[in-house]
Amino acid sequence: VEIRQIELDWYTSNYSNMSAQASLLAGFSFSQLSMGMPQPAPPWILEFVYMTLTATAIGLELATILCSTFLCVWGPGLALKGPEGNRDIHKAVLALKDYQPIIFSYFLGGWLCYFIAAVIQLWIYFTWHVAFIVTCPMLLFVVLVVYYSGWLTLQFYIPADKEVMGNIDALHVYDYIPDLDRTVALEVEKLSADAMKPSDIEGW
């Protein structure tokens with residue numbers, strides 16, 4: 001149980017970090033979306049791609065925040081209050097583990113959309129020679145971030161068949177031991193209900 005608690009804290013910490021960073025990116029993206037277009041208006045295709053990427057970034061980052069919040073609230077809640085004891089702890093940890101790659105992909109996708117939208121923004125608000133000069137290093141940073149993100153992921157990736165989990169198979173049989181307090185309380189309620197049956201009262 002203590003090992004599972006460490007896993008639970010680690011996953012919730014990861015979701016909290018992603019939620020905090022996603023809130024920053026969502027704020028930056030919303031500031032882009034609220035800016036008016038310059039005059040004369042840019043080509044419609046450029047404006048369309050810019051607004052689409054910005055809106056997509058906001059949506060992905062808000063999805064990251066919302067899902068992370070739900071997982072951080074309901075996951076530990078299930079582990080702490082679940083009626084099945086250890087089995088609910090295992091269920092909560094596995095759910096947090098399964099959703100982590102999905103939420104992380106939302107976060108990275110929103111970041112990528114925001115950065116590309118920032119590059120397009122240069123071509124909307126500035127002259128072409130200024131936009132070209134600034135676009136080159138920004139695209140370089142995008143490539144480097146994507147490369148190192150993939151490289152770091154591969155360096156720390158653990159295949160599913162080699163993962164070490166806190167669920168010890170040798171102790172699996174003890175997961176089916178019910179909550180003694182809950183069992184006693186249910187038995188007391190059952191006995192009280194049986195004692196108060198109308199037929200028994202009439203016979204008495």
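The points below take the helix pairs in turn and then the pocket.

1. This is a predicted model, in which local features need pLDDT of at least 70 and side-chain atom pairs count only at pLDDT 80 or more, while totals for chains, interfaces and linings use all residues. Residues are numbered from 1 along each chain as its sequence is written, and side-chain values use heavy atoms, with hydrogens and water left out.

2. Helix 3 and helix 4 have axes that come within 8 Å and cross at roughly 165°, the axes being lines fitted to C-alpha atoms over the stretch in contact, with angles from 0 to 180 degrees between N-to-C directions. The two helices are therefore roughly antiparallel, a term used for angles over 145 degrees, and helix 3 passes helix 4 in a left-handed crossing (the near helix is turned anticlockwise from the far one by less than a right angle). Helices here are DSSP runs (H or I, at least four residues), numbered from the N terminus.

3. On the helix 3 side, the contact (heavy atoms within 4.5 Å) is made by W111, L112, F115, A118, V119, L122 and W123, and among the partners on helix 4 are W128, F132, M138 and F141. The residues of this contact divide into 17 nonpolar, one polar and no charged, where Ala, Val, Leu, Ile, Met, Phe, Trp, Tyr, Cys and Pro count as nonpolar, Asp, Glu, Lys and Arg as charged, and the others, Gly among them, as polar.

4. Helix 2 (residues 44-81) and helix 3 have axes that come within 8 Å and cross at roughly 160°, and are therefore roughly antiparallel to each other. Their crossing is left-handed, and the contact has 26 nonpolar, eight polar and four charged residues.

5. Helix 1 packs on helix 3 at an angle of about 20°, with the axes 9 Å apart, which makes the two roughly parallel (under 35 degrees). This crossing too is left-handed, and the contact has 20 nonpolar, eight polar and three charged residues.

6. The largest pocket holds about 940 Å³ of space, and of its 25 lining residues the closest to the centre are W10, Q100, P101, F156 and Y157. A pocket is an open set of points on a 1 Å grid where a 1.4 Å probe fits, with protein on both sides within 12 Å along at least five of seven lines, and lining residues have an atom within 4 Å of a point; the volume is the space filled by probe spheres set on the points. Helix 1 (2-33), helix 3 (86-125) and helix 4 (128-156) each give two or more residues to the lining, which divides into 14 nonpolar, six polar and five charged residues.

Definitions and conventions
Parallel < 35°, antiparallel > 145°, perpendicular 65-115°, else oblique.
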